[in-house]
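Here is a friendly briefing to read alongside the model. Please keep the viewer open as you go through the points.

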Amino acid sequence: MMARKVQENPSFKYHVGCKELKLTHICFADDLLVLSHGSISSIKVIKEALNELCKTFGLLPNMSKSTIFFGNMNNIEKQKIIEILPFRIGILPMKYLGVPLITKSLGINECKGLVEKVKAKINDWKNKYRSFAGRLQLIASVLSSMQVYWASVFLLP
């Protein structure tokens, strides 16, 4: 629906990093990430696609969970967009599915969350009696899966 609406409306402008791929949205489980230029005409196309989705499937966006992120825009443009799509305004960086959404390469500050989670797990296990084999199993399964998850999303430093 989104791709069709974009094709029907030449006024739609892609996000700078998405134009070559003609990428307008990414779906993951029950989440939808919509990407576009911050023009009013592009936002109206997105609103039309969301309205069609609502009519077709009876699904409604949860406004209290929906967030919009702005790049380099003035407050007047932001307000006009919020009037069309009344989402709350978010700021980057933020976390999605436990990993930070950032626009630059991953650094030490972004990895602190992963390091803190690993330390917390280890400290929790220290307070409980575990055999050597039990600790080894916890490390092999839990800690390595945390690292693998992050490594599947980022190039870890």
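The side chain of Ser 42 reaches the backbone nitrogen of Lys 13 at 2.8 Å, a polar contact (N or O atoms within 3.5 Å; within protein, one must be able to donate a hydrogen and the other to accept it, and residues adjacent in sequence count only if both atoms are side-chain atoms). This is a predicted model, in which local features need pLDDT of at least 70 and side-chain atom pairs count only at pLDDT 80 or more, while totals for chains, interfaces and linings use all residues. Residues are numbered from 1 along each chain as its sequence is written, and side-chain values use heavy atoms, with hydrogens and water left out.

**Ser 42 and its helix**

- Ser 42 sits in helix H2 (residues 40-57), where helices (H or I, at least four residues) and strands (E, at least two) are DSSP runs numbered from the N terminus.
- Ser 42 has a relative accessible area of 0% and is therefore buried (under 20%; exposed is over 50%, partly exposed in between, with a 1.4 Å probe and protein chains only).
- Ser 42 is in contact with Ser 11, Phe 12, Lys 13, Ser 36 and His 37, leaving out residues up to four places away in sequence; contact means heavy atoms within 4.5 Å.
- Other buried residues of H2 include Ile 43, Val 45, Ile 46 and Ala 49.
- The cover over the buried residues of H2 includes helix H1 (2-8), strand E2 (31-34) and helix H3 (75-84).
- Just after H2, Gly 58 has a positive phi of about 75°.

**The nonpolar cores**

- A nonpolar core is a set of buried Ala, Val, Leu, Ile, Met, Phe, Trp, Tyr and Cys residues joined through side-chain atoms within 4.5 Å.
- The largest one has 16 residues, and Ile 43, Ile 46, Ile 68, Phe 70, Ile 81 and Leu 85 touch the most other members.
- H1, H2 and H3 are the elements that give two or more residues to this core, and H2 provides the largest share, five residues.
- Another core, of ten residues, lies apart from it, with Val 99, Trp 125, Leu 138 and Met 146 among its members.

**Ile 68 and Pro 86**

- Setting aside neighbours within four places in sequence, Ile 68 touches Ile 81, Ile 82, Phe 87, Arg 88, Ile 89 and Gly 90.
- The C-alpha atoms of Ile 68 and Pro 86 are separated by 8.8 Å, with the two residues 18 apart along the chain.
- Pro 86 belongs to the loop between H3 and strand E4 (88-90), and Pro 86 is partly exposed, with a relative accessible area of 43%.
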